Amino acid sequence: MEANIFSYPPLGRVTQLKDKTLQFIAALEVDSDHAEDPWEVAVWHSTDGDWTETLLSTLSAGDSPTSLQTTRSQTTLLYFRAPFLVPSLMNFTLKFRNGRNQPWRWSHEISGVTDGVVLINPENSLHRTDESLADIIHGLNAELNVKKAASQAPNTQLWTIKANVGPAEEDRSAYADVELGTPWGGALRYFALVRHGSPWLGPRHGSSPFSLDKDGVMCSFMSPQGRHLVLLGVSGPSNVITLLRSSDSGSLKLHIRNDDEAKSSGLVLAAVGDNFESAIAAVMYHARTVVFATSDAEDDSTLELQRLSNDIKPEWYEDWYDGLGYCTWNALGQQLTDEKIINAVEALAKDNVNISSLIIDDNWQDIDYEGQDQYQYGWKGFEAEPNAFPQGLKDTVSRIRSKHPSIQHVAVWHALLGYWGGISSTGDLAKTYRTVQVDRDDLSLRGPMTVIAKEDVGKFYDDFYRFLSDSGIDGVKTDAQYMVDTWVSAKLRRELTDTYLDSWIISALRHFSIKVLSCMSQAPQLLFHQQLPRNRPPMVVRNSDDFYPDVPDSHPWHLFANAHNVLLTQHLNILPDWDMFQTDHEFAGFHAAARCLSGGPIYITDVPGMHNLELINQMTGRTPRGKTVIFRPSVLGKSVDPYTSYDEPTILKIGSYHGRAMTGTPILGIFNTSRQSLRELIALSDFPGVLSSREYVVRAHRSGLVTSIIKHNSPAANLAVSLDVGGYDIFTAFPVTQYTSETNGKIHVANMGLIEKMTGAAAIVTYQSELLHNGRVFLDTRLKALGVLGIYISSLPDMSIERDFMVTIQGQPIPPHTVTVNTVDDHVLNIDIETAWKEMGLEAGWSNEVEIKLYFDIEHP
């Protein structure tokens with residue numbers, strides 16, 4: 001095999017550190033037959049423009065990084081290290097050879113990965129409050145109205161930037177393209193979220209010169225000194241859309257559209273901070289303030305939203321999106337019938353796939369099928385298509401609910417404007433409600449369509465949702481919401497956009513509480529008008545373009561786009577939804593792991609009878625009352641490397657976290673989204689929420705392997721990772737509690753949650769531990785579902801389960817055979833709660849949780 005080399009700090013990325021001194025570690029993967037060759041590894045680096053090399057020394061096995069994956073018997077990992085002192089910035093690459101007389105080989109020749117960069121940002125070195133924006137954006141356009149604003153994010157500076165735009169004339173919007181300047185005079189790296197398609201956001205990356213292929217909503221620029229400038233175009237207020245573009249020279253421009261009849265201005269918010277997260281928080285917080293300030297608090301819609309929101313109970317949220325869902329879209333195709341839906345639900349039940357939500361997707365409606373394709377078809381009436389649903393929608397839903405009571409929620413799909421082509425001009429709806437004809441101009445969406453007129457929009461939604469409620473439907477997936485932005489007429493956009501968005505959410509709250517899914521709704525004005533305000537309950541919103549089962553190249557991009565879109569959407573008043581997927585698919589595990597990390601809902605679209613039950617069981621668990629639930633971490637999953645490009649052959653890392661800030665559990669998913677096998681060293685510090693003062697044990701989901709007790713910056717805290725194309729894994733860092741015994745010294749304990757689940761740490765509802773006066777450690781854990789609870793105990797190999805342990809469930813002793821030592825790591829105690837629950841004949845209490853109490857003797861012989 002060909003040798004492979006990788007390192008920490010990594011190649012292909014910018015690593016920001018606080019300490020100028022660092023231990024550089026390189027891993028060389030070689031054929032085991034050549035492991036004893038006199039290998040040499042050197043770092044080729046530059047801090048001042050001049051390049052030089054530093055030869056690394058070999059690392060002993062005891063000081064080496066940790067591997068949590070099954071090793072390849074034919075290869076060996078050799079580790080090398082050297083201390084570095086980095087004044088401010090260091091560019092570097094790697095080279096190696098298997099003997100002094102052999103030629104050097106360069107890392108980029110082997111893997112194609114570009115140079116790495118290390119940036120040193122000493123604590124508090126970047127917190128300045130006296131800067132002018134002109135010092136940051138070189139060549140800042142003097143005609144812009146720039147003002148300093150108070151930032152709500154710590155250690156950041158904030159400015160508002162306004163540019164004039166003329167009034168719309170008759171039916172035509174006014175446009176302005178205004179030069180802004182060049183951030184930092186040229187950025188080290190940039191990251192942007194652009195209108196990847198009219199309905200969707202998508203990430204773009206690069207270095208100088210700045211260049212975007214599509215209009216940006218947000219752009220972030222990292223300076224050579226490690227500072228971050230985030231620019232956000234604000235859209236919606238006063239019917240103005242403000243987007244970001246690049247010029248031919250690499251500068252940044254504003255692209256402004258005004259639909260209002262009065263002169264106005266486009267607004268961009270700019271924030272600078274010492275990290276990306278702080279800077280984007282600053283602009284998003286202020287954007288919320290701007291939107292609130294421009295809204296009418298006494299408006300009828302605002303008051304109704306507030307009234308309806310006050311009636312919603314917090315526990316309804318989890319009831320809607322904590323269960324496993326099923327969607328008909330990819331599963332049953334577009335020729336939907338009641339028989340297909342009934343058979344699909346029967347097949348799920350037969351295979352013991354216990355869903356709690358069913359989404360009847362597109363093609364249940366009564367459509368006129370007039371025109372070339374679905375984008376021209378219009379909706380005729382509320383009742384389901386009579387040939388496909390001969391007994392009506394209510395009959396279908398009634399049969400589903402009566403035979404499958406575990407299905408708590410049944411939702412249906414519809415477009416915001418009715419159907420893709422709006423309302424049929426010859427159907428019953430057009431006869432019942434006033435309509436207006438609008439022209440569209442957006443790729444395949446061209447030509448006229450009929451929509452409900454402004455006067456009747458509210459009544460239309462209320463009547464429709466009342467019909468659905470009477471039919472047993474209690475939720476909606478409302479799609480194609482961006483279509484209001486495809487209308488040619490500035491007048492119609494001005495008059496109808498907010499009317500549709502407000503009337504829809506009010507009717508949805510009135511009839512379905514929070515059981516809505518907003519889809520294709522990442523157009524700029526929807527982000528700011530519908531999803532940013534907090535005067536309504538958070539709703540589920542699709543976070544990216546679709547899952548395309550038959551397009552292989554779409555799957556890596558799907559994860560990459562979602563992970564980066566969340567960097568912005570985490571600040572909206574929504575729960576990001578990474579879309580449905582199929583469990584019997586080449587990329588099924590890839591998608592499943594990402595959905596578990598996302599913190600959003602999970603719903604599948606399996607063809608009936610084609611399920612990966614093992615994978616479903618890794619994502620879900622049964623509660624004591626028999627409901628299937630998912631395990632959502634309390635912090636949304638997102639990319640931990642905002643500036644790393646999709647085209648760079650590096651591992652996508654999605655970070656999440658569960659629990660309280662100081663005592664919770666960091667989680668890191670790793671995904672190979674490239675076209676080649678990848679090797680990396682991942683530091684414990686890459687995990688979100690890791691504290692330098694705490695000790696951890698890290699467990700890999702796929703292998704079940706567990707590290708020794710590690711701490712930030714210890715050699716073993718670097719994890720050697722290998723992923724084939726489409727490969728993935730989830731690492732969870734469990735915080736360790738230390739107890740000191742008189743007879744056995746220090747004993748370390750960690751609660752691992754349900755270890756057979758991808759994000760089993762999120763099954764923990766509450767957990768506490770203490771050392772009792774009798775020398776026993778007491779652990780009290782409440783879980784949201786049944787499964788195998790894992791407890792890490794450093795002294796377990798020297799203990800006896802029969803002699804040293806006592807376990808109870810709901811206060812009753814557990815059957816002894818359900819408590820065992822883990823077969824992969826003998827420091828992990830397995831408590832099979834699910835088996836014990838069944839054998840003990842236990843029943844759920846009022847809380848639908850299961851309480852496990854564990855006592856063990858740390859003064860064991």
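**Exercise 1. Sort the residues lining the second largest pocket by class, then find where they come from.**

Step 1: the classes. The lining splits into 19 nonpolar, 9 polar and 17 charged residues. Here Ala, Val, Leu, Ile, Met, Phe, Trp, Tyr, Cys and Pro count as nonpolar, Asp, Glu, Lys and Arg as charged, and the others, Gly among them, as polar.

Step 2: the space. The second largest pocket holds about 980 Å³. On a 1 Å grid over the protein atoms alone, a pocket is an open set of points with protein on both sides within 12 Å along at least five of seven lines, a cavity is a set where a 1.4 Å probe fits but cannot get out, and lining residues have an atom within 4 Å of a point. Grid points are joined across faces, edges and corners, and a volume is the space filled by probe spheres set on the points.

Step 3: the centre. Of the 45 lining residues, Gly 197, Ser 198, Pro 199, Asp 442 and Tyr 482 are the closest to the centre of this pocket.

Step 4: the elements. Among those giving at least two lining residues each are strand E16 (189–197), helix H6 (329–332) and strand E28 (435–442). Helices (H or I, at least four residues) and strands (E, at least two) are DSSP runs, numbered from the N terminus.

A word on the model: it is predicted, local features need pLDDT of at least 70, side-chain atom pairs count only at pLDDT 80 or more, and totals for chains, interfaces and linings use all residues. Residues are numbered from 1 along each chain as its sequence is written, and side-chain values use heavy atoms, with hydrogens and water left out.

**Exercise 2. Work out which residues line the largest cavity.**

Step 1: the structure holds 5 cavities of 30 Å³ or more, and the largest has a volume of about 130 Å³.

Step 2: its lining includes Trp 320, Tyr 321, Ser 357, Ile 359, Ile 602 and Tyr 603. Helix H5 (315–321), strand E24 (357–360) and E34 each bring at least two lining residues.

Step 3: by class, this lining has 8 nonpolar, 3 polar and no charged residues.

**Exercise 3. Trace the strand order in the open sheet of 8 strands, and find what packs on it.**

Step 1: walk across the sheet. The order is E33-E32-E31-E30-E27-E24-E23-E34, with parallel pairing. Two strands pair if DSSP finds at least two bridges between them.

Step 2: find the edges. Strand E33 (574–577) and strand E34 (602–604) each pair on one side only.

Step 3: check the twist, which averages 25° from one strand to the next.

**Exercise 4. Describe how helices H7 and H8 pack.**

Step 1: H7 (338–350) and H8 (393–403) pack at about 10°, with axes 10 Å apart. Axes are lines fitted to C-alpha atoms, for helices over the stretch in contact, and angles run from 0 to 180 degrees between N-to-C directions.

Step 2: Asp 338, Ile 341, Ile 342 and Glu 346 of H7 meet Thr 396, Arg 399, Ile 400 and Lys 403 of H8.

Key
Contact means heavy atoms within 4.5 Å.
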